[in-house]
Amino acid sequence: MERAGDSFMAAFSTARQAVACALEIQGTLTAHRDQGAEAQIQVRIGMDTGEIIAEENRYFGSTVFRAARIADRAPAGRILVSEATKVLASQARFEFEDFGEHELKGLGPGHRLFEVTTGPQGPG
C-alpha cells in the first residue's frame, strides 16, 4: 500500500479482489454512518487494471496514473472503474452501471467509466 497526501493506493492480484475490497470499504463506512457516527467520512474509489511497475513498495506506470485519474472523477461514497476492470470483475458477477465517457486529466477524452453497484451475484 502506498500513501500520497490524504489518498492511498493498493495493488491487487486480480480485478475481482480489488472490487471486492472497494465494496467492503464502502460498506463499512456506510454501516458506520448508519450507526450514528459523528464523523461522516466518505471516500472516492477509482481503479484500473493492467501492468504496473513495482519498486520498493511503490507503484508506477500508466495503470497507476489512470487509476488515480478515475478516482478523481468518482463522487464521494462511490466506486468507479475502467472498462478493463469491469470486464474482468464482471466474470465474478459484480454488477456495474455505465457512468459514461469522461476526459481524464493528462489522458484526454474518451475513457468509459463504470460504477460498481453490487457485489458478486449468486450462481447464474
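Which backbone oxygen does the side chain of His111 reach? Select His111, which is found in strand 8; its side chain reaches the backbone oxygen of Gly108 at 3.4 Å. A polar contact is a pair of N or O atoms within 3.5 Å; within protein, one must be able to donate a hydrogen and the other to accept it, and residues adjacent in sequence count only if both atoms are side-chain atoms.

The model is a predicted one, in which local features need pLDDT of at least 70 and side-chain atom pairs count only at pLDDT 80 or more, while totals for chains, interfaces and linings use all residues. Residues are numbered from 1 along each chain as its sequence is written, and side-chain values use heavy atoms, with hydrogens and water left out.

**The surroundings of His111**

Leaving aside neighbours within four places in sequence, His111 is in contact (heavy atoms within 4.5 Å) with Arg66, Gly100, Glu101, His102 and Leu104.

**The sheet**

Next, display the strands. Helices (H or I, at least four residues) and strands (E, at least two) are DSSP runs, numbered from the N terminus. An open sheet is formed by 4 strands in the order 3-6-8-7, with mixed pairing; two strands pair if DSSP finds at least two bridges between them. Strand 3 and strand 7 are the edge strands, each pairing on one side only.

Begin at strand 3, which runs parallel to strand 6 and is joined to it by 3 bridges. Here Gly46 stands opposite Leu80 of strand 6. Strand 6 is joined in turn to strand 8 by 3 bridges, and these two run antiparallel; Leu80 stands opposite Glu115 in strand 8. Finally, strand 7 and strand 8 pair in the antiparallel sense over 8 bridges, with Val116 in strand 8 as the bridge partner of Phe96. These two strands form a hairpin with 3 residues between them, and Gly106 in the turn has a positive phi of about 85°.

**Helix 2**

Now select residues 62-73. The 12 residues of helix 2 should span 16 Å at 1.5 Å a residue, and the end C-alpha atoms are 17 Å apart, which agrees; the expected span is 1.5 Å times one less than the number of residues. Buried residues of this helix are Thr63, Val64, Ala67, Arg69, Ile70 and Ala71. Buried means under 20% relative accessible area, exposed over 50%, and partly exposed in between (1.4 Å probe, protein chains only). These buried residues pack against several strands, including strand 3 (45-47) and strand 6 (79-82).

**Salt bridges**

The structure holds 5 salt bridges, each defined as a side-chain nitrogen of Lys or Arg within 4 Å of a carboxyl oxygen of Asp or Glu. Being 3 residues apart in helix 2, Asp72 and Arg69 are separated by about one helical turn.

Move to Glu115, which forms a salt bridge with Arg78 at 2.7 Å between the closest N and O atoms. Glu115 lies in strand 8 and Arg78 in the loop between helix 2 and strand 6, so the pair ties together parts that are 37 residues apart in sequence. Glu115 is buried, with a relative accessible area of 13%, whereas Arg78 is partly exposed at 31%.

End at Arg112 and Asp98, whose closest N and O atoms are 2.9 Å apart in a salt bridge. Asp98, Glu101 and Arg112 are linked in a network of salt bridges.
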